[in-house]
Each structure stands twice: as structure tokens, then as C-alpha cells.
Amino acid sequence: MREAPSWPWAAEAADDATVIARSRHDPERFALLFTRHAPAIKRYAVRRLGVDPAEDIVAETFTTAFQQRASYDLSRGDARPWLYGIATNLIGRHRRREIALYRALSRTGADSVLEPFTDQVERQVTAEAARRSLASALAGLPRGHRDTLLLVTWAELTYEQAAEALGVPVGTVRSRVNRARGKLRKTLGDLNGDMA
């Protein structure tokens, strides 16, 4: 009787770089990276583009990552910035849809992430107004500022990770986030959003 390999359990404890390195010789191991990060990437894609294209973005993100795994910098233990960078680039291709989603949200107040989980009775009028205003303000940001701000706020990446994801210096990330927040504050006026 052949003994089952122990790698699935060992791989669960390994950092992302180790999983990627091992997947170069055993491609099936890459699935652990998908298991770890696909749900968060999907939430990010849903918030950026809506439910319909999110599945495609996630699939394309991990297909691209799998194809590029040989060039991954193994000194980086956390692959999230790399994966969010790929996803953000793919989302950029859907930019028109994203802006249309924000404009629709600004008109309707229906958030495609929250809507399936929120009971209509519990929604507050002020929250809807804030979401609409925020969506409208996000649609008005330049793409680079919007991408940077949403990686930091929605994907919860550090400035350093966002810089890595976008391939820009950390100072650029800080500047973009600062400018985006300033523009949002100006656009939103007295509303106290969760962007600070």
C-alpha cells in the first residue's frame, strides 16, 4: 500500500513563496494559493466591477499568476500584492464597466457586494445616500488614484504592498491615496465616510 504524500498539510503552513516555488516542479501545489487568496480577490473584483465579471477576473488572475509563477520573486513571502496587481491590471481592462457601476450605484444606491447579504428593511436612508455619493466620487477619480485607494482600503494592502501591486514607488502610493482622499472629502462634503 502506497503512503499518501504529506505535502498538502505541510504546504498549508508554508508561505506563498514556498508554495509557488514548489508549484514550479509540482503544478498541482499552486491550487493552495488559489484556495488562500481567491475569495479576497473575488470580493475585491466584485466591489470594483460587480458580480458578473468577478468570476472571470478571479479566473484570469490565477491563470496569469500560474503562467508567470516562474518569474515570481521568491524573496516575497506574501503573494497578495502580486495577485492584486494582476487583478488590478485585469480590472483596468474593464474600466468602463467599473465607472458605469459606480454611476449606477450613485443613482440607485444598490451595492452589488452588500445587496445579497443585506435585508432591505435594515438599510438606512443616510447609508444609501453616503454610498451613492461615494460611488459618484469614486467614478470621478483618475484611474491611478482609484486603483491605489481601493487596494489600500478595500483590499487592505499596506502602502508597500500596493506599491508592489501597481509597480510604482511607495511615495507615489502615499501621494495618490492622499490626493484621492482629499478629492473624496471635498466631493463628499460633510459626509463622514470610512475612507479616512
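Predicted model: local features only at pLDDT ≥ 70, side-chain atom pairs only at ≥ 80, totals over all residues.
Good morning. I shall begin with the nonpolar core. The largest such core has 47 residues. Those that touch the most other members are Trp82, Leu83, Tyr84, Leu138, Leu151 and Leu184. Please keep Leu151 in mind, as we shall return to it.

Let us turn to the helices. Two packed helices are described by the angle between their axes and the distance between the axes. Helix H3, residues 31–49, and helix H4, residues 51–67, have axes that come within 8 Å and cross at roughly 140°. H3 and H4 are therefore oblique to each other, and H3 passes H4 in a right-handed crossing. On the H3 side, the contact involves Leu33, Phe34, His37, Ala38, Ile41, Lys42, Ala45, Val46 and Leu49. On the H4 side, the residues taking part include Val51, Pro53, Ile57, Val58 and Phe62.

H4 also packs against helix H5, which covers residues 80–93. Here the axes come within 9 Å and cross at roughly 125°. This pair, too, is oblique, and its crossing is right-handed. H4 contributes Ile57, Glu60, Thr61, Phe62, Thr64 and Ala65 to the contact. Among the H5 residues that meet them are Trp82 and Leu83, both of which I named when speaking of the core.

I now come to helix H8, residues 143–153. How many of the residues of H8 are buried? The count is 9 of 11, so the helix is mostly covered, taking buried to mean under 20% relative accessible area. The buried residues run through His145, Arg146, Asp147, Thr148, Leu149, Leu150, Leu151, Val152 and Thr153.

H8 packs with helix H9, residues 159–166, at an angle of about 135°, with the axes 9 Å apart. That makes H8 oblique to H9, and H8 passes H9 in a right-handed crossing. From H8, Asp147, Thr148, Leu151 and Val152 meet Tyr159, Ala162, Ala165 and Leu166 of H9.

This brings us back to Leu151. Setting aside residues up to four places away in sequence, Leu151 touches Tyr44, Tyr84, Thr88, Glu156, Leu157, Ala162, Ala165 and Leu166. Glu156 sits in the loop between H8 and H9. With a relative accessible area of 62%, Glu156 is exposed. Its phi is near 60°, a positive value in a residue other than glycine. For comparison, most residues other than glycine have a negative phi.

The side chain of Asp16 is joined to that of Arg36 by a polar contact of 2.7 Å. Beyond residues up to four places away in sequence, Asp16 touches Leu33, Arg36, His37, Gly77, Asp78, Ala79 and Arg80. Two of these, Leu33 and His37, also belong to the H3 side of the contact with H4.

Arg179, by contrast, lies in helix H10, residues 170–188, and at 55% relative accessibility counts as exposed. The C-alpha atom of Arg179 is separated by 9.4 Å from that of Leu149, although these two residues are 30 residues apart along the chain. Leu149 is among the buried residues of H8.

Thank you for your attention.

Methods: Residues numbered from 1 in each chain as written. Heavy atoms only, no water. Core = buried A, V, L, I, M, F, W, Y, C linked by side-chain atoms within 4.5 Å. Buried < 20%, exposed > 50% of the residue type's maximum accessible area, 1.4 Å probe, protein only. Contact = heavy atoms within 4.5 Å. Helix = DSSP H or I, 4+ residues; strand = E, 2+ residues; numbered from the N terminus. Polar contact = N/O pair within 3.5 Å; in protein donor to acceptor, adjacent residues only side chain to side chain. Axes fitted to C-alpha atoms, helices over the stretch in contact; angles between N-to-C directions. Parallel < 35°, antiparallel > 145°, perpendicular 65-115°, else oblique. Left-handed = near helix turned anticlockwise from the far one by under 90°.
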